Amino acid sequence: MKRIITYYLRPYYARMAVGFLIKFLGAIMDLFIPWILAYVIDNVIPVGSLRLIFVWGGIMFVCSILAVSFNIIANRMASRVASDATQIIRHDLFAKTMYLSARQTDAFTKPSLISRLTTDTYNVNQMIGRIQRLGVRAPILLVGGVIFTMSLDPALSGVLLLVMPVLAVVMVTVSRKGMPLYRKLQSCVDSFVCLVREDIAGIRVIKALSKMDYEKEKFDEINTMVVTCERNAERTMAVLNPAMNMLLNLGLVGVIIVGAFRVNAGTSEVGKILAFMTYFTIILNAMMSISRMFVIISKAVASAARIDQVLACEDDLELLKEETGGKEEGENGWNGRNAENETGGEEIVFDHVTFSYNKNEPNLKDISFSVKKGEMLGIIGSTGSGKTTLASLLMRLADVDEGRVLIAGRDVRSFEKEELRSRFGVVFQNDTIFEDTIYENVRMGRPLEEEAIRAALGCAQAEEFVKEKAENEGAMLDIRGANLSGGQKQRILIARALAARPEILILDDSSSALDYRTDAMLRRQLRENFSDTTTILIAQRISSVMHADHILVLEDGEMIGFGTHQELMEGCEVYREISRSQTGDMGG
C-alpha cells in the first residue's frame, strides 16, 4: 500500500487536496442545516416574524444547493483521480509482468498474474475513489456532528460520546480479523481462475474424452472453496453494520429519553432535540460509510500487497560485465584465450552447461557443443529430456547454474535483453495465435513491409491457404487460431519467426502437425533462403532432423549423442532405436 500512496498517488496530491477542500465545504454545509433548523424552531418561530422565517429558510436552501454541488464536483474529481492512477498502476503492472523471467512467471503463476491485473487493481481503484469521496466527508460529518451537538446541548452530547469508544473498538476488531480473510480469498480466486482458464482452453479435449462431469466436479470443489472463503470474509465484516446500527440507535434512544426529561425540566428546547435527532442520523450515516470504507480498505490492502509483490520483483537475470581482454587462464576452462578465438567464429557454444529449475535435480547436465553460423542443429529426444530448456537458456529466458552459453563469442548474460532477443526468430511449443489478421499475426508490431511478410508466408508454405482465407473470411483469425487447422497454425507461426530474417532461428516442435511433403518443402526453403541463418530444429521426428548439419540427442537432461545422422546411426544406440521405431531404418 505504501507504494500506491507515496508513488502512484503523488502526482495527484494537488488535485486530491482541492477535492478534499471542496468535499470539506460540502460537509460543512450539510452540518449547518440542522443547526439552522433548531435556531428557527427555538428562536425565529416564537418571534412570529415571517420575514425572518423566509430569510433563514433561504439560507437553508442555499446551504443545501452548495452541499449538493460541492459533493458532485468532489466526487467527479475523485473518480478521475482513481481512474487515472489505476490506469498507470495497471500499465506498470502489465509492463512488469511482460519482463518477468520464466522462473518468476512460474512462481507467481499465470492465473495469479491475471487476477492481480484485474481483480486486485479494481479493488485498489475502489479504495482510491472511496477514500476521496467518503474518507473526508464521513469523518468530517462524524466529528462535526459531535461538535455541533456539543454546542447545542453538552449534556445530550455526553450520551453520544459514551457510544463512540465502543464503536471504535468494534470497527478495529472486525477489520483486523477481516483483512487476512480477504488475502486468503484472493489466493482461492487465483486457483479458480487457473482452473477456468485451463478448462476453457482445453474444452475440446474435455468433450472428446467425455470428461465434462469430472471437470464439473473439480469446478464445484474450487467454486465451493471460493464461496466459503468469501462467505467467511463477508460474514466477519457483516458484523460491522448491525453492531453500529444497534449502538447508535441505543444512543439515539438515550438522547430522546434524556432530552425529554430536560425539555420537561425547562433546561432544553424542542428544536435542539429535533436537531440532535438529525445529527444522530448524520453521524449514523457517517459511521456506516466508515464501516463500508473499512471493508473496501481491507480488500485493497490485501490486493495492494499482491500488486507490490510483482512491482517489487528485481530482475533475476542480471547483466554480466565481461572483460574485453578475455578470461584469465584456467577460469571456466578457457585457458587464457579470448572467447572469439576459442569458438573459432562459431555462432553458438554451450560450454559445460548445467541447469535446474528447482535447484535440486538438474534438468540439463554438463552439456557441451558448438554450431557455426549458417548451420542447422537438430535436437531430438524423449519428452522431458530438456530440448526446450536448451532453447530457453540460449534466449536467456533462464540463466545457467554452471557453465556458459555463448553467441558469436559473447556470453548471453552480457547482452542487453532487447539486443539478444532481436537476434532470434522462434516458434515455441503451443505458441499463440492472436485474434487479428494473418498479416498482423506475422508482423507482431514490428516495422516489417508487406513484401517481407508475404515472403515469409511463402517460405513457411502458408501462401496458398492465406490467399484462400483472405478471399473467404477477410484473413481474420479467431483467438488462439480456432478457425485454423493445426498445420495452418504452425505455418503462420513459422512465418512470424522468419519474417524479420533472424540471425538464429529456433523451431521447437513446430512441424509436428505438418505432413511430410510440407515439412520437406519447408526445410528446403530454409536452406535456400536462410542459408546465413543458424537454425535450431527441435523435433520428435527423425525425418525433420536427419538432414541437419549436426544432431544433438538428449536423454534425461544428458547429452548422449552429437553428430550427423549417419554418425549417430553408427554410434548412438538411443538414436538408432528412435530411427528404427519411426522409419524401420537399421542404418545398414
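Tyr39 is partly exposed, with a relative accessible area of 30%, where buried denotes under 20% relative accessible area, exposed over 50% and partly exposed the range in between, computed with a 1.4 Å probe on protein chains only. The model is predicted, and local features therefore require a pLDDT of at least 70 while side-chain atom pairs count only at pLDDT 80 or more, whereas totals for chains, interfaces and linings use all residues. Residues are numbered from 1 along each chain as its sequence is written, and side-chain values rest on heavy atoms, with hydrogens and water left out.

Tyr39 takes part in one of the 9 aromatic pairs that the structure holds; rings of Phe, Tyr and Trp (the six-membered ring of the last) are paired if their centres lie within 6.5 Å, and the planes count as stacked when under 30 degrees apart, edge-to-face when over 60, and tilted otherwise. The partner of Tyr39 is Trp56, and the pair is tilted, at 4.9 Å centre to centre and 55° between the planes. Because Tyr39 lies in helix α2 and Trp56 in helix α3 (residues 50–98), the pair ties together parts that are 17 residues apart in sequence; helices (H or I, at least four residues) and strands (E, at least two) are DSSP runs numbered from the N terminus. Elsewhere, Phe32, Phe148 and Tyr279 are linked into a cluster by ring pairs.

The largest nonpolar core comprises 49 residues, and those with the most contacts inside it are Leu167, Ile283 and Met287; such a core is a set of buried Ala, Val, Leu, Ile, Met, Phe, Trp, Tyr and Cys residues joined through side-chain atoms within 4.5 Å. Two or more residues of this core are given by each of α2 (13–44), α5 (110–152), α6 (154–201), α8 (212–237), α9 (240–265) and α10 (270–311), with α10 supplying the largest share, 14 residues. When neighbours within four places in sequence are left aside, Ile283 is in contact (heavy atoms within 4.5 Å) with Leu141, Leu142, Gly145, Val146, Leu160, Met164 and Leu248. A second, separate core of 42 residues includes Met376, Leu448, Ile492 and Leu526. In soluble globular proteins, nonpolar side chains tend to be buried together.

Helix α6 also contains Gly178, which is buried, with a relative accessible area of 0%. Not counting residues up to four places away in sequence, Gly178 touches Thr236 and Met237. The C-alpha atoms of Gly178 and Val295 are 7.8 Å apart in space, although the two residues are 117 apart in sequence.

Strand β8 (residues 534–539) has 6 of its 6 residues buried, so this strand is largely enclosed by the rest of the structure. Both of its faces are covered, with Thr534, Ile536 and Ile538 buried on one side and Thr535, Leu537 and Ala539 buried on the other. Strand β3 (residues 376–381) pairs with β8 in the parallel sense over 5 bridges, pairing being assigned where DSSP finds at least two bridges between two strands, and Gly378 stands opposite Leu537 in this arrangement. Strand β7 (residues 504–508) is likewise parallel to β8, with 5 bridges, and Leu507 has Leu537 as its bridge partner in β8. Together with helix α18 (residues 516–529), β7 and β8 make a right-handed β-α-β unit, right-handed meaning that, with the strands pointing away from the viewer, the path from the first strand over the helix to the second runs clockwise.

Helix α17 (residues 486–498) consists of 13 residues and reaches 19 Å from its first C-alpha to its last, close to the 18 Å expected at 1.5 Å a residue, the expected span being 1.5 Å times one less than the number of residues. This helix is mostly covered, 11 of its 13 residues being buried, among them Gly487, Arg491, Ile492 and Leu498.

Strands β4 (residues 402–407) and β5 (residues 410–411) run antiparallel and are joined by 2 bridges, with Arg410 in β5 as the bridge partner of Ile407. The two strands form a hairpin with 2 residues between them, and Ala408 in the turn has a positive phi of about 50°. Most residues other than glycine have a negative phi. A positive phi, near 50°, also occurs at Asp366, which is found in strand β2 (residues 364–372) and counts as partly exposed at 47% relative accessibility. For Asp556, phi is near 55°; Asp556 lies in the loop between β9 (550–555) and β10 (558–563) and counts as exposed at 55% relative accessibility.
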